Amino acid sequence: MNDSDSAGARAHEIERVVIVGGGTAGWMAAAALSRFLDNGRRRIDLIESDAIGTVGVGEATIPPILNFNRMLDINENEFLRETQGTIKLGIEFVDWGRIGDRYLHPFGGLGQDLHGIPFHQLWLREHGRGKPGPIADYSMSAVAAAQGKFGRPSQNARPPLSEMFYAFHFDASLYARYLRRMAEQRGVRRHEGRIVHVHRNSESGDVAAVELEGGARVEGELFIDCSGFRALLIGETLGVGYEDWSRWLPVDRAIPVPTTRQTSPEPFTRSSAHGAGWQWRIPLQHRTGNGHVYCSEFMGDEEAERILMANLEGEAFADPRVIRFTTGRREQSWSHNVVCLGLSSGFLEPLESTSIHLIQNGIQRLLALFPDRRISPVERDEYNRGMRDLYEDIRDFIILHYKATQRDDTEFWRYVGAMDIPATLQRKIELWRLHGRIFREGAELFGVTSWVAVTLGQNVWPDHYDPIVDTLDETKVAHAMAQMRERYSAAAQALPRQDEFLRAAGAWAADDVRPQPVAAR
């Protein structure tokens, strides 16, 4: 590129990016954009109001969060300490298939494939012939989680430790505060105040500026809408519609409440099914996050709160509050010169801890398709296609948990067990029921391990294993599986407990921020 071409490119480059809203989504965007788009000319402004609260229920993540933190050069031990974070190796599901059932959806893989044949197919054959043990015994993450153990795999780790994948539990508000410090150090300018008016270009319809109380005006060429459920720019201003998925995912309310931590934090999230939804339990260093997600058509708010409070471990130190939502997604994640992230782009219940991942993926996709002022429809359409596919992929996987149930003890479970489901999910279930086959399409988030864990965990068994397995000698396969199982168990036993690991790594916060009892007078 010669000097004139370079000058022409600079003439069209975006120099002002405005992020509307803070919270987790806003400050994740600010931290990432300031890290990768600082060319000495570009300015990034973030507008938020201390008077506007955040939902703040997303405290559990999935393994791709490690890539995002590494992108930002975040020291993992410092991050855990600053966010009162803990390790997450998977999600335990209680009472989902039938009352009394319990299974773990672990991170990482299941066993080792033999001669290109998926491990779960080997296990299905051995399960029909003998007692290979639970399939979770062949997951490094699952075995470590069951023992409350964790050790960070080194870069040159060998199996089975190299097969252990992990994510985090953390305080979302502390994560936002941590990223805010980072972003502001990199030049992001924060404006305090409420937005009272949005100015649009009369010719293009693009957003030109936002006006704050008191008359201050913040102009921009690209706007990131992180305004939460209100969707101030993408919804209220640009009128982009919302695709309602409540016919498949009818839960529409959540009641979060934190409690004091009673025991050493376990390295997994727990989801316990109730009569019209489910309850989460997320162990942090300083407290435990809890909440009840439920369908208001089948359960009232008072009953939902009563069930939540009756099933808490530890003492609640905040008043329960009801959050209302409609599951679905914005019809476009990018319209005109506005890209939406977080709750303004849609909402999928936190059953598989995907809320923060959706923000992360949206940011990374924007960086990959970052436009100039002319904003090509080709780049915008590609962004929208990718976000649509990701939302629908996650949607189908969450629906699977409700559809794959044998519970009929309440009207809610009878409804979800009998409901029609998207054709994309129906096809996958039918393929699984025939010969236990799972096919990933494109860049789907959830892989074979995830689908196997949920289907088998909720008693959806295939009619037969893949006949190709019979080409392998059953004695050799049984011997190989026994060795795998022993290796996973021995490796987990040698690991420290999670709290021991965090303290030894300097990742445990020194200060106890739990509310202290008031002395009697």
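This is a predicted model: local features need pLDDT of at least 70, side-chain atom pairs count only at pLDDT 80 or more; totals for chains, interfaces and linings use all residues.

Me: Helices first. At what angle do H2 and H10 pack?

Reply: About 30 degrees, with the axes 10 Å apart. H2 covers residues 23-36 and H10 covers residues 355-368.

Me: Why is H2 called roughly parallel to H10?

Reply: Because angles under 35 degrees count as roughly parallel, and theirs is about 30 degrees. So H2 runs roughly parallel to H10.

Me: Left-handed or right-handed crossing for H2 and H10?

Reply: Right-handed.

Me: Which residues in H2 and H10 meet?

Reply: From H2, Thr24, Ala25, Met28, Ala29, Ala32, Leu33 and Phe36. From H10, Ile356, Ile359, Gln360, Ile363 and Leu367. By class, that contact has 10 nonpolar residues, two polar and no charged ones.

Me: And H10 with H11? How do their axes cross?

Reply: At roughly 160 degrees, coming within 10 Å. H11 spans residues 377-403. The angle makes H10 roughly antiparallel to H11. The crossing is right-handed.

Me: What meets what in H10 and H11?

Reply: H10 brings His357, Leu358, Asn361, Gly362, Arg365 and Leu366. H11 brings Tyr383, Gly386, Met387, Leu390, Tyr391 and Ile394. The contact of H10 with H11 splits into seven nonpolar, four polar and one charged.

Me: Switching to charges. How many salt bridges does the structure hold?

Reply: It holds 39. One of them joins the side chains of aspartate 470 and arginine 129, at 3.6 Å, N to O.

Me: Where do aspartate 470 and arginine 129 sit?

Reply: In distant parts of the chain, 341 residues apart. Aspartate 470 is in the loop between helix H14 (448-457) and helix H15 (474-493). Arginine 129 is in helix H5, residues 119-129.

Me: Why would such side chains pair at all?

Reply: Side chains of opposite charge can pair when their charged atoms come close.

Me: OK, arginine 324. Where is it?

Reply: In strand E17, residues 323-324.

Me: What is arginine 324 in contact with, leaving aside neighbours within four places in sequence?

Reply: Phe229, Asp252, Arg253 and Asp301. The side chains of arginine 324 and aspartate 301 are joined by a polar contact of 3.5 Å.

Me: And how far apart are arginine 324 and valine 251?

Reply: In space, 9.6 Å, C-alpha to C-alpha. In sequence, 73 residues.

Conventions. Residues are numbered from 1 along each chain as its sequence is written. Side-chain values use heavy atoms; hydrogens and water are left out. Axes are lines fitted to C-alpha atoms, for helices over the stretch in contact, and angles run from 0 to 180 degrees between N-to-C directions. Helices (H or I, at least four residues) and strands (E, at least two) are DSSP runs, numbered from the N terminus. Angles under 35 degrees count as roughly parallel, over 145 as roughly antiparallel, 65 to 115 as roughly perpendicular and the rest as oblique. A crossing is left-handed if the near helix is turned anticlockwise from the far one by less than a right angle, and right-handed if clockwise. Contact means heavy atoms within 4.5 Å. Ala, Val, Leu, Ile, Met, Phe, Trp, Tyr, Cys and Pro count as nonpolar, Asp, Glu, Lys and Arg as charged, and the others, Gly among them, as polar. A polar contact is a pair of N or O atoms within 3.5 Å; within protein, one must be able to donate a hydrogen and the other to accept it, and residues adjacent in sequence count only if both atoms are side-chain atoms. A salt bridge is a side-chain nitrogen of Lys or Arg within 4 Å of a carboxyl oxygen of Asp or Glu.
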